[in-house]
Amino acid sequence: MTQTKVPPTSSTTLQRFPHVHDDPSTLPKSLDPFTITTSTGFLPFIHAPTTLPDAFKPLMELMDRLPVLKLDGTPGLLATYELGPAVGDLPDLTAEVDKLVTADGSPDLVTVAAVFRDYSFLASSYLLEPCWENWSKNPDNGYGLGRDLLPRSVACPMYRCAQLLDIPPFMSYAAAYSLFNYTLADSSKGLVYDNLRLVRAFERGLDPKSSEAGFILTHVDMVKWSGGLIGGALKVIDTIEQSGPRSQVNDGFREILTAMEKIEAAMEDMWGNSKPSEYLSFRVFIFGITSQSMFPNGVIYDGVLDNKPLYFRGESGANDSMIPLLDHLLQIPMPSTPLTKILHEFRAYRPLPHREFLAYVNSKAGEVGVREFAVQDGETAVLMLKTLNHVRSFRWRHWLFAREYIIRRTPHPTATGGSPIVTWLPNQLSAVMDLMISVYDTYLAPKELNGHQNGHENGDQAYYRKQVEPMMELVRDQRDKLAKEVEKWCQERGV
């Protein structure tokens, strides 16, 4: 985990995010566990509890029995499709949620988040158990229908937790599935990948060598480096706002570049940590309710919102906050399409501190003009272009994952979050490629004068241009390749 040197921070930033440079160990449990610091980044500032208070013992006992393969290696309820009846014995513990308070009477949001995590796993398991059974017995017949009524004993306490955390009452990437769902095998070894363990799992994820564990824990391994993105982004926008030295802005970009190299190295490990051939099995449990054939009429949460059918997007790595942070900082324009609308809808599924920080960076980057400031100097422009290239590289690898883990293996048309599986990722990937080409062509490529190339190109400009020419050649080739791939898959799927 990175520990950044505290830069001169604007008063506006400190007013909005007073804990951003604090030691996470000093923060109270009354804070949202996803309160951002430059040392923990987008990970929670405290490791998620692995056990719940005694009042929630019935929930914990059910969760221990739930996975296809339990911690002791024996089959659990999902292995024999017997979770449904077992949920009927669970008491409604909604009243106990409001008793989760700290010494001063404030809600204990760290414990509330742990309770939310367990109810989220239970809710998704219950709703999608029939789909798991259908898929397990005959994958070629698809998923069938999920359950469309969530019992009061699950719906009401989960909904109350979601109210306290200000997030949708459904399985989410950060608050439940991944970033608040890991612990350490040995606390003295820290966040080393082999030391990470899951708290909850659907299939075989309690075995740290399983593909389910690898899929989830690789995300944790990536996000542990995100403190460098937070520190670097603040250094960029705060320095520009305070008319500080350009060298400090450049240092901010370098901090981001260093963090992205580590993040992408961890991301590349996904291929070895989680086998593509095994992904579709546990994927059954992370689908949402919106835009999914399994839930044509939504889901009724018994006792919640007058029992009106509800629709929520499913868990998705697209709900991670790292790349959206860079989207905002670099002012990457997204096309005005229905696909971009889905991108915006995903924002609601992030923890409240993530949403507030991303909105702040988005607003501040526009206010101080990060991109306009960067392109006025060759060195800064190159650093920005290299940062954009990491966004491209990250999104390209995400596209390769989607292609190899999902598109080649299933005709199901939507991703777990409800976005179109073939066209959604290319929507954002094409946007960053287009911006890179525009920045390069406008500010770094040789200029044309009266139809003839300027033979007296500035020496610095030539130096910076040569740094990025190979990168830009790859971008242009990749953009053409992506367009052809998307066209091919669309034709094959009749999209």
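Entry 1, serine 172. I looked up the contacts of serine 172 and found that this residue touches Phe116, Tyr177, Glu315 and Tyr349, not counting residues up to four places away in sequence. I note here that the model is predicted. I then placed serine 172 in the loop between α6 (152-165) and α7 (173-177). Is serine 172 buried or exposed? I read 4% relative accessibility for serine 172, so the residue counts as buried, the cut-off being under 20%.

How many salt bridges does the structure hold? I have 28 in the list.

I took arginine 117 and aspartate 118 to begin with. They form a salt bridge in which the closest N and O atoms are 2.9 Å apart. I checked the accessibility of both partners. Aspartate 118 has 0% relative accessibility and therefore counts as buried. Arginine 117 also has 0% relative accessibility and counts as buried.

I turned next to arginine 313 and glutamate 345, whose side chains meet in a salt bridge at 2.7 Å, N to O. Where do arginine 313 and glutamate 345 lie? I found arginine 313 in the loop between β5 (309-310) and α13 (322-329), and glutamate 345 in helix α14 (residues 338-345). The pair therefore ties together parts that are 32 residues apart in sequence. For arginine 313 I have a relative accessible area of 7%, which means that this residue is buried. Glutamate 345, with a relative accessible area of 28%, is partly exposed.

The last pair I looked up was lysine 364 and glutamate 367, a salt bridge of 3.1 Å, N to O. Both residues belong to helix α15 (residues 352-368), and because they are three residues apart, about one helical turn separates them. Lysine 364 is buried, at a relative accessible area of 7%. Glutamate 367 is exposed, at a relative accessible area of 55%. I also looked for salt bridges that share partners, and noted that such bridges join Asp64, Arg117, Asp118 and Arg200 into one network.

How do the axes of α14 and helix α18 (residues 424-444) cross? I read a crossing angle of roughly 95 degrees, and the axes come within 9 Å. The two helices, α14 and α18, are therefore roughly perpendicular to each other, the range for that word being 65 to 115 degrees. I listed the residues in contact: Leu339, Thr340, Ile342 and Leu343 from α14 meet Trp424, Asn427 and Gln428 from α18. I sorted the residues of this contact of α14 with α18 into four nonpolar, three polar and no charged.

I looked up an open sheet of three strands, which run in the order β1-β4-β5 with mixed pairing. Which strands stand at the edges? I noted β1 (149-150) and β5 there, each with a single partner strand, so one side of each is left without a neighbour in the sheet. I then checked how β1 pairs with strand β4 (residues 299-301), and found the parallel sense over two bridges. For leucine 150 I looked up the bridge partner in β4, which is tyrosine 301.

Technical notes
Residues numbered from 1 in each chain as written. Predicted model: local features only at pLDDT ≥ 70, side-chain atom pairs only at ≥ 80, totals over all residues. Heavy atoms only, no water. Salt bridge = Lys/Arg side-chain N within 4 Å of Asp/Glu carboxyl O. Buried < 20%, exposed > 50% of the residue type's maximum accessible area, 1.4 Å probe, protein only. Helix = DSSP H or I, 4+ residues; strand = E, 2+ residues; numbered from the N terminus. Axes fitted to C-alpha atoms, helices over the stretch in contact; angles between N-to-C directions. Parallel < 35°, antiparallel > 145°, perpendicular 65-115°, else oblique. Contact = heavy atoms within 4.5 Å. Nonpolar A, V, L, I, M, F, W, Y, C, P; charged D, E, K, R; others polar. Pairing = 2+ DSSP bridges.
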